Amino acid sequence: MSSVTVRVSGKVNVQLAVGPPRPDGFHDLANVFLAVALHDRVTVTPAPRLTVSCAGPGAEQVPLDGDNLAARAATVLAAHHGRAPDVRLDIAKDIPVAGGMAGGSADAAAALVACDALWGTATPAAELAELAAGLGSDVPFALLGGAALGEGRGERLTPLPVGGTFHWVFALADGGLSTPEVYRECDRLRAAAADDVPAPRPDGALLAALRAGDAAALAARLDAANDLQPAALSLRPALADTLAAGRAAGALAGLVSGSGPTCAFLAADAPGAAALAARLSASGTCRTARAATAPAAGPTTIESHA
Ligand code: ATP
């Protein structure tokens, strides 16, 4: 094989229930992942040594050295098979960088799948999933796509049935938010309020709405679905304007996506999402707004050259 290109989806957390900090610094989660059709593409080509390029919006914020999550993925897969990670990785970004949509994790999942095909290593799915979990909490879901409940720190996955297509609009912000900082702010706000933090539990009504493909029923569960939302709003108060603009523009519901700053809005159908995206883009409360359907597929090979 002379090159392989894999397309991979971003995600929105339709529920992100966060427990108290654990002794290891992580938090127990009830994390309902939904893959959405905003895609990065990762192309791998044999090369004398591991190199990375990245193009697209926000590419200047993506590290091109060994810290790049896709490069780390190539390195761990190569080590697993006792070979050198001798590839060039070209990342075409469309998932917002540091946007709470797990773009880096998506690139890591794509690199695992692309390198496995390029090298002909035919790694069993369970071994790929284990390597993915070692790379980061969101990487196992990026490898799976669709929808899933993540427990533990998000890496213990149960696939979830989804009964239809949901129409989302994503308001993309200028600049990112650091996920560890948002978790620290969440802990700080809870400590300051002396909140008793319950163990995180999946919301049965929300899972039923996903199963039924019922956008109105899902919207009814989204208002308080993201425990990181108050922390993201505290660090980036302008996000409250974005959420208000989306609701005023006719969204069924809106929430911060993961650790933010991307805001996600649910629409009733495709025309509703297109109209909402246009109004939000014109609102001046975000850099741009993009419509995208869900659930989207896991990593998909879209080109391979012998
Ligand atoms: P998550 O929702 O998984 O917490 P995020 O979507 O907010 O993460 P990412 O786009 O995954 O954020 O990137 C977070 C940071 O990771 C970036 O600021 C960047 O420094 C680093 N990073 C490493 N590899 C990548 C990559 N391939 N793409 C994007 N960012 C990367």
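How many aromatic pairs does the structure hold? In this predicted model, the structure holds 2 aromatic pairs. A pair of aromatic rings is described by the distance of the centres and the angle of the planes. The table lists these values.

| Aromatic pair | Centre to centre | Angle between planes | Class |
|---|---|---|---|
| Phe33 and Phe141 | 4.6 Å | 5 degrees | stacked |
| Trp168 and Phe170 | 6.2 Å | 20 degrees | stacked |

Phe33 belongs to strand 2 (residues 27–46) and Phe141 to helix 4 (residues 139–144), so their pair ties together parts that are 108 residues apart in sequence. Phe33 and Phe141 are both buried. In the other pair, Trp168 is buried, with a relative accessible area of 0%, and Phe170 likewise counts as buried at 0% relative accessibility.

Trp168 and Phe170 also figure in the largest nonpolar core, which has 66 residues; together with Val14, Leu89, Leu218 and Leu222 they are the residues with the most contacts inside it. Helix 2 (residues 103–119) gives the most to this core, contributing 10 residues. Domain 1 (3–160) and domain 2 (166–294) both supply residues to the core, so it lies between them.

Another core, of 27 residues, lies apart from the largest one and includes Leu16, Val169, Ala249 and Ala289.

One further contact involves a charge and a ring: Arg153 lies over the face of Phe26, at 4.6 Å from the ring centre.

Terms used: Residues are numbered from 1 along each chain as its sequence is written. This is a predicted model: local features need pLDDT of at least 70, side-chain atom pairs count only at pLDDT 80 or more; totals for chains, interfaces and linings use all residues. Side-chain values use heavy atoms; hydrogens and water are left out. A nonpolar core is a set of buried Ala, Val, Leu, Ile, Met, Phe, Trp, Tyr and Cys residues joined through side-chain atoms within 4.5 Å. Buried means under 20% relative accessible area, exposed over 50%, partly exposed in between (1.4 Å probe, protein chains only). Helices (H or I, at least four residues) and strands (E, at least two) are DSSP runs, numbered from the N terminus. Domain bounds come from an automatic or database domain assignment. Rings of Phe, Tyr and Trp (its six-membered ring) pair if their centres lie within 6.5 Å; planes under 30 degrees apart count as stacked, over 60 as edge-to-face and the rest as tilted. A charge sits over a ring if NZ of Lys or CZ of Arg is within 6 Å of the ring centre and within 35 degrees of the ring normal.
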